[in-house]
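Subject: Structure handover

Hi,

Please have it open while you read.

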Amino acid sequence: MAELQQLRVQEAVDSMVKCLERENIRKMQGLMFRCSAGCCEDSQASMQQVHQCIERCHAPLAQAQALVTSELEKFQDRLARCTMHCNDKAKDSIDAGSKELQVKRQLESCVTTCVDDHMNLIPTMTKKMKESLSSIGK
């Protein structure tokens, strides 16, 4: 994938992740730490009970992080498959005798289309993740 196209996607995904972290994950981290601190305040609890309490406090955040990671991996896989399809088409064109410059332009156009299509998916993916994140721990 052309560097410029890769940079476009990277900046959009980084922006989305920062937004999710600021608006959702950070609140969950605060809850987790306050909950964990509460576990440690119970002087009657055994070490194992405190540990289990802390584990329960950490579970929603771990679930949220796993969700974001999974969605980003799916997005990355889809984009990679699209660009791989472009590479296959370019190879087929070269094998069929097309001129190198023509194939290069075709490849760039195909990759740009992949990136554009996937950039258009980011708002929907963000909305879906925000909804999922807000339902975790409730």
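A definition to begin with: the expected span of a helix is 1.5 Å times one less than its number of residues. Helices here are DSSP runs (H or I, at least four residues), just as strands are DSSP runs (E, at least two), numbered from the N terminus.

Before the findings, a word on the source. This is a predicted model, in which local features need pLDDT of at least 70, side-chain atom pairs count only at pLDDT 80 or more, and totals for chains, interfaces and linings use all residues. Residues are numbered from 1 along each chain as its sequence is written, and side-chain values use heavy atoms, leaving out hydrogens and water.

**Helix α3**

With 36 residues, α3 reaches 52 Å from its first C-alpha to its last, close to the 52 Å expected at 1.5 Å a residue. There is a kink of about 30 degrees at Ile-122, shortly before the proline Pro-123. (The bend at a residue is the angle between axes fitted to the seven residues ending there and the seven starting there.) Ile-122 is also one of the buried residues of α3, which include Cys-110, His-118 and Leu-133; buried means under 20% relative accessible area, exposed over 50%, and partly exposed in between, with a 1.4 Å probe and protein chains only. The buried residues of α3 pack against α1 and α2.

With a relative accessible area of 25%, Leu-107 is partly exposed. Leaving aside neighbours within four places in sequence, Leu-107 is in contact with Cys-86, Asn-87 and Ala-90, where contact means heavy atoms within 4.5 Å.

**Helix α2**

The 49 residues of α2 (residues 47-95) should span 72 Å at 1.5 Å a residue, and the end C-alpha atoms are 68 Å apart, which agrees. α2 bends by about 35 degrees at His-58, and a proline, Pro-60, follows within four residues. Just after α2, Gly-97 takes a positive phi of about 100 degrees.

Among the buried residues of α2 are Val-50, Phe-75 and Ser-93, and the buried set packs against α1 (3-41) and α3 (100-135). Setting aside neighbours within four places in sequence, Glu-71 is in contact with Met-125, Lys-128 and Met-129. Asp-88, also placed in α2, is partly exposed at 44% relative accessible area. Asp-88 and Cys-40 are 48 residues apart in sequence and 58 Å apart in space, C-alpha to C-alpha.

**How the helices pack**

Two packed helices are described by the angle between their axes and the distance between the axes. Axes are lines fitted to C-alpha atoms, for helices over the stretch in contact, and angles run from 0 to 180 degrees between N-to-C directions. Angles under 35 degrees count as roughly parallel, over 145 as roughly antiparallel, 65 to 115 as roughly perpendicular and the rest as oblique.

The axes of α1 and α2 come within 8 Å and cross at roughly 170 degrees. That makes α1 roughly antiparallel to α2. Their contact has 22 nonpolar residues, three polar and no charged. (Ala, Val, Leu, Ile, Met, Phe, Trp, Tyr, Cys and Pro count as nonpolar, Asp, Glu, Lys and Arg as charged, and the others, Gly among them, as polar.)

The axes of α1 and α3 come within 10 Å and cross at roughly 5 degrees. So α1 is roughly parallel to α3. Their contact has 15 nonpolar, five polar and four charged residues.

Best wishes
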